[in-house]
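Please keep the structure in view while reading.

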Amino acid sequence: MQAKPNIILISADSLRANHLGCYGYSLPTSPHIDAMACHGVLCENVFAPAIPTQPSHTTIFTGLHPLGHGVVAHGGKARLARGTTFLPEILLEEGYTTCAVDTLFRERIWFGRGYEYIIDPSLRHLFYASVTQEELNEAAIHWVRTVPNGKPFFLFIHYWDVHYPYVPPERLRGLFYNGGNPTDPNNHALDQWWDHPVGAMARDTWLRTEKGLVTDPNYVTALYDREIRYLDEGIAALEAALEQMGIADNTFVVLLADHGESMTEHRICYDHYGLYDCTVQVPLIARWPAGKLRARSRLAPMRQLSDVAPTLLDAAGAEIPEGLDGSSLLKQWKGEDEPSGYERVIGLESTWQAKYYLRTKQHKFILARHPDLLGNPDRELYDLEADPEENHNLVSEQPQLAAHLEKELEAWIAERLETAGRTQDPVREEGAVGVDIWLKHRA
Amino acid sequence: MEQEPQGKVVVPDPSADNPPAEPVPELRPEDEAIVAERLRELGYIE
């Protein structure tokens, strides 16, 4: 057996953790992912320090908090500094052959760093998120077959099926929808979505059907769940190909999402902004039989996506650079260390809203740098144990706790900015980059 | 701490009980062009 494992990092864009069976969902959206979790390890409480796609993936590949790498917005002005640690670059230096089956490098050039091969089947589409798992798998499996025996590889594969627009294959029609009339013209539950430019785009395109405009949010949620089911089939096919090639045992497969998705919670419809758990909590599942990961383990402590890069470097036997915000999970996944995690996770967004969150096991505090266009208060406090859906803002009932958490959050931000050598808070600098477009849309 | 996983491994048949009345959402080529154009305006894609 080759000394270093192959590594496959799977990012399932917009895959919300609690819509997977292995994270407690009641519908069978993910039988193969659930089986993968059964044969490997699953972290129950993993959070994205940044949303959405570009800042979150920058954290995944650098092991840095967004205040460390500076990329806080999707479509923002910041660029990743040259010389910043980037996972594929280190693996390349460690003797890996590296490949991304992905489209991100077309949006931000740093996502191409360290890859000998970049394959982008989404070029066949006008909108890159229309690319399917089948197209990505075809390219990825073909590439893996070209890797010489004994040469370890790193493959990053970025699936877009679960990202809007939700247009699952027709053969999945009927799954996860309990009847009703998806196009009832008297149902106005989605009208609030048309206020947002992405909602209006959905109304004008993929929600228009031969039977009329889709108006039932339960039906849209069913479409989202069917996309998960379709993705699940793709992950099963990828794993089957590894088995068929005889390399599954020594291939370290890590599945995660960059962020989740709000269905209609908090008046955020089928999108990935808002710092509530539906959007910032993500799945993290790993499988590596030859690496002796402790199968059937579920780890409860809070972790974050900045832990992924050091974990993969650890598995590759590479030195983990100093100064990363994340730390390796490998020993915990092997059962060599007791499960442990963070007392708090701090994250941010700067795309449709400009906000920070501080999350402990029990509480979530959200602080706005700019007023949001949904009219939420600048400060929100939730008791996650009593109110896991984050519906009851406790700021006025528990002002001392809110003030304490705000002070803790601001102190951490100031310290992290100083460590990063930054004089300005990038969330203040970038603001909410989509707000002008949203306002223009409203007008 | 470690717990037993709750994952399901039973794979139901998606083709069962398909209600024929359901619409079929699709992204028509003209719609995909609109999506790409709108997201470009939003700065989501370049």
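## Basis

This is a predicted model: local features need pLDDT of at least 70, side-chain atom pairs count only at pLDDT 80 or more, and totals for chains, interfaces and linings use all residues. Residues are numbered from 1 along each chain as its sequence is written, while chains are lettered from A and ligands numbered from 1 in the order in which they are written.

## Two domains

Chain A splits into domain 1 (6-342) and domain 2 (346-442). The bounds come from an automatic or database domain assignment. The C-alpha centres of the two domains of chain A are 24 Å apart. Domain 1 of chain A puts 31 residues into the contact, and domain 2 of chain A puts in 28. Contact here requires C-beta atoms, placed from the backbone, within 7 Å.

On the domain 1 side, the elements giving two or more residues are β3 (50-51), α3 (66-69), α6 (197-204) and α8 (277-280) of chain A. Helices (H or I, at least four residues) and strands (E, at least two) are DSSP runs, numbered from the N terminus. The largest share, three residues, comes from α3(A).

## Helix α7

Helix α7 (residues 217-245) of chain A has 29 residues. From first C-alpha to last, α7(A) reaches 42 Å, close to the 42 Å expected at 1.5 Å a residue. That expected span is 1.5 Å times one less than the number of residues. G246(A) follows α7(A), with a positive phi near 75°.

A residue is buried with 20 or more other C-beta atoms within 10 Å of its own, exposed with 12 or fewer, and partly exposed in between; C-beta atoms are placed from the backbone.

Leaving out residues up to four places away in sequence, L255(A) touches I10(A), A12(A), I33(A), M36(A), I235(A), P283(A) and I285(A).

## Strand β6

Seven of the seven residues of strand β6 (residues 153-159) of chain A are buried, so β6(A) is largely enclosed by the rest of the structure. F153(A), L155(A), I157(A) and Y159(A) cover one side; F154(A), F156(A) and H158(A) lie on the other.

Strand β1 (residues 6-12) of chain A pairs with β6(A) in the parallel sense over six bridges. Pairing requires at least two DSSP bridges. S11(A) has H158(A) as its bridge partner. Strand β4 (residues 97-101) of chain A also runs parallel to β6(A), joined by five bridges. There, T97(A) stands opposite F153(A).

Notes. Two residues are in contact if their C-beta atoms, placed from the backbone, lie within 7 Å.
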